[in-house]
Amino acid sequence: MKKYLKIIIPCILVIIALIFVFSMTYTVGEADYGIIRQFGKVVEIKSEPGLYLKTPFIDEVSYMPKNNRFYDVTPSDVLTSDKKALVIDSYIIWKITDPLAFVQTVATVEEMERRLDASTFSVVKNTMGTMEQSDIIQAGSDTQNNRNALNNLITEKVNEQLHAAYGIDVLQIEVKKLDLPEANEEAVYNRMISDRE
């Protein structure tokens with residue numbers, strides 16, 4: 001029995017030591033920010049990749065993405081200045097630039113995407129609301145310069161709203177598709193059929 005205890009006790013001590021060592025270290029990847037909290041409060045942010053030490057059982061480590069994020073905005077109906085409806089489908093490329101501000105204000109990527117959605121809808125609605133439907137369609141389908149000017153205007157306005165407040169940069173918003181609402185499409189399609197007949 002004593003012989004077994006002489007083998008088991010050192011093994012248990014080695015296992016405990018390994019657990020302790022692993023609980024003292026953490027790694028931060030190239031595409032992440034390491035957020036270190038003590039009792040829920042952010043005490044440090046690591047932005048450089050590498051292996052780091054932490055206080056076991058006191059420091060909690062979580063991660064936020066550092067790389068560019070793609071978010072597909074929910075398609076939305078907007079009214080133009082001539083009171084015609086359009087369905088706008090767009091996407092956003094954004095990134096976290098101030099992780100402390102981000103963690104303190106929104107905390108999660110999912111919540112930020114909800115706010116991006118709302119802000120983009122508001123800006124698109126207000127921007128398109130000052131233009132006539134024919135001008136919007138022409139800007140969307142005409143030269144690349146017109147389309148870029150429209151996308152850059154929307155990007156700039158959304159970035160103004162969100163950059164300082166949430167610690168993010170909105171890098172680009174692209175309107176990928178302009179459509180008529182389903183009811184309008186059906187009416188146009190039926191009118192085309194009747195014209196042909």
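Helices (H or I, at least four residues) and strands (E, at least two) are taken here as DSSP runs, numbered from the N terminus.

**Entry 1. Basis.** I worked from a predicted model, in which local features need pLDDT of at least 70, side-chain atom pairs count only at pLDDT 80 or more, and totals for chains, interfaces and linings use all residues. Residues are numbered from 1 along each chain as its sequence is written, and side-chain values use heavy atoms, with hydrogens and water left out.

**Entry 2. Chain overview.** I noted 6 helices and 9 strands in the protein chain. Of its 197 residues, 33% count as buried, where buried means under 20% relative accessible area, exposed over 50%, and partly exposed in between (1.4 Å probe, protein chains only). I then looked at contacts, defined as heavy atoms within 4.5 Å. Among those between residues at least 6 apart in sequence, 64% join residues at least 24 apart.

**Entry 3. Gly29.** I located Gly29 in the loop between β1 (25-28) and β2. Gly29 is partly exposed, at a relative accessible area of 29%. I also checked Pro65, which is 36 residues from Gly29 along the chain; the two C-alpha atoms are separated by 9.5 Å.

Entry 4. In soluble globular proteins, nonpolar side chains tend to be buried together. For Ile168, not counting residues up to four places away in sequence, I listed the residues touched; among them are Trp94, Phe102, Met112, Leu116 and Leu162.

**Entry 5. Thr155.** I found Thr155 in helix α5. Thr155 is buried, with a relative accessible area of 7%. Its side chain reaches the backbone nitrogen of Ile173 at 2.8 Å, which I record as a polar contact (a pair of N or O atoms within 3.5 Å; within protein, one must be able to donate a hydrogen and the other to accept it, and residues adjacent in sequence count only if both atoms are side-chain atoms). Leaving aside neighbours within four places in sequence, Thr155 is in contact with Val170, Leu171, Gln172 and Ile173.
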